[in-house]
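Below are a few remarks for a colleague who will look at the coordinates alongside this note.

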Amino acid sequence: MAANLDQIFILLRDWLVGFLPAALRPATGVVLGVIAIVCVFPGLFALTTVFERKGLGRIQNRIGPNRVGPFGLFQPVADGIKSLTKEDVVPLSANAAVHFLAPLVLVVAVFMEFAVLPIGRNMVLVDMDAGLLFFFAMGAATELSVFMAGWSSRNKYSLLGAMRAVAQMISYEVVLLLSSVAVVMISGSLSLPKIVAAQDQFTNGFPHWYIFTPWGLAGFLIYAIAATAETNRSPFDLPEGESELVAGYHTEYSGFKFALFFLGEYLAMFSISGLGTTLFLGGWSAPFSFLTWVPSWIWFFGKVMLSIFVFIWLRGTLPRLRQDQLMNFAWKFVLPFTLLNLMVTALWRFMGEGWQRWVVCTVILVAAYVVMGRLEMRREHFGPRSYRYAE
Amino acid sequence: MSPIFYLLAALTLAGGLATVLLKHLVHAALAVTIAFAGLALLFLQLDAQFAGFAQILVYIGAVAILIVFAILLTHGADLPKEGVFSKTWLVGLIIAAGVFAVLGWAVLASVSAVPQQNTMPAVTVHDIGNALVGRYVLPLEIVALLLTAATIGAVIVAMHEKERPR
């Protein structure tokens, strides 16, 4: 029974495909998988918008949306109808073709990322040998769409926002890639299902997730920072800084095109949380050996939604960074630390089993963190801020 | 030669032609991205996953962005009044044809030089990794050193010059 429930979507797909002639079955199976992804994640997006507005409301000591439906649950439906019926304004001097293509490129590229994520046991659309590389390749394509949106709008705020976004995404993409390389070094594979399978083992009831190792914890924290920056979420939401840039690169978008940008941003959050879950948090594997009877996809979505909650929590808690702080943090602190983490991972790999490697790796990482932090803080000079143009 | 190959080849060529023929520099940069994507898809069609994804990651994710940044930072995005087509296009055409002839000759000659295999070799990412840090580790390290030197050079060029007391 539990095994059937675990594989229920696979069985459902096979049952549906069984009605067709044998020649059409493989292609139809893939199409059904695509339909499932295209339906499930935007549905999750709709729920997350309510969740986020409610959560932010609670953090800011107000109620949040509560007018449409019970507890405001139908708010996304109202928002969707509103964005569909709004006038689609394209600025007169905008570059119409590029302006039209930018949101499409973003959403298509982000949807492609879900193709390689293992959502549950045997539940991956394309089991690629180089799945991780595919994920990052698709992520790289979103940067271009952000630039297209900012440039084609012919608006200085849009262009500034796009330049900020692209510079930020390039800086943190390096970190994102390097922090995942540590996982590849240990698991010896770029295929995401294999990485999950390597973590789906238990010792004394506890799982072999990579976050429970010194290098894995450091790698996960770096990954989380880079993922927040990569999805332009607070505290790294400078590209959309309302007080400075109106709304950044999507200032000149309205109606459904704006909704597509909104969708793309949230889908990117889901996919990057899904990848973080797969790499460090054991993907669809259960947190304790006595919980393995719970279907694997519940664990995956539970972990992803937990990450989304942390994103919302951070947004409600932290103030926005300044551009120079953002860049200094990426290049002077996070990147060197990530490179060190790679070295530590190699050390972990070659020290063999035993307690020594736990001590050595932890000591190196903590010492490096403390020393680098102290050195950076010494360089900072605290005092009254001077405003170059405002005095 | 499947119909997919012809579709991808047409896409790549169209991207390349658009790059040369479009008047606006940013449009040209976006068109060259299409050509890069077409090339990546051709690699994928040949079952070379690693090369295809690396092509997307490096060329679309980095090189295209670099080109775009260079265009915007040098104010090259404005259209020049005298037109964008060079007067020495004939020379350019001859050089391009020459390069194409040499490349074409090299590719055609390699067919007879390399022993033909009837079965397609199954190269996994694992094999590529092993080859890179095994047999080809020296070239890899040299490239890494070169790139590091280039990065340091770029930082030095971009660094603020300190005001020296005269």
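**Notes on the predicted model**

1. Asn232(A) is found in the loop between α9 and α10 (242–245) of chain A, and in this predicted model the phi of Asn232(A) is near 55 degrees, a positive value in a residue other than glycine. Most residues other than glycine have a negative phi. With 22 other C-beta atoms within 10 Å, Asn232(A) is buried, because the cut-off for that class is 20 or more.

2. A positive phi, near 60 degrees, is also found at Asn61(A), likewise a residue other than glycine, and Asn61(A) sits in the loop that joins α3 (25–59) and α4 (75–85) of chain A.

3. Helix α9 (residues 214–230) and helix α13 (residues 323–351), both of chain A, pack at an angle of about 155 degrees with their axes 9 Å apart, which makes α9(A) roughly antiparallel to α13(A), since the angle is over 145. The crossing of α13(A) by α9(A) is left-handed. Residues in the contact include Trp215(A) and Ile222(A) from α9(A), and Phe337(A) and Trp348(A) from α13(A); by class, the contact holds nine nonpolar, four polar and no charged residues.

4. Between the chains, 18 residues of chain A are in contact with 15 residues of chain B. On the chain A side, the elements giving two or more residues are α6 (131–152) and α7 (156–187), and the largest share, eleven residues, comes from α6(A). That side of chain A comprises 16 nonpolar, no polar and two charged residues.

Terms used:
Residues numbered from 1 in each chain as written. Chains lettered and ligands numbered in written order. Predicted model: local features only at pLDDT ≥ 70, side-chain atom pairs only at ≥ 80, totals over all residues. Contact = placed C-beta atoms within 7 Å. Helix = DSSP H or I, 4+ residues; strand = E, 2+ residues; numbered from the N terminus. Nonpolar A, V, L, I, M, F, W, Y, C, P; charged D, E, K, R; others polar. Axes fitted to C-alpha atoms, helices over the stretch in contact; angles between N-to-C directions. Parallel < 35°, antiparallel > 145°, perpendicular 65-115°, else oblique. Left-handed = near helix turned anticlockwise from the far one by under 90°. Buried ≥ 20, exposed ≤ 12 C-beta atoms within 10 Å, placed from the backbone.
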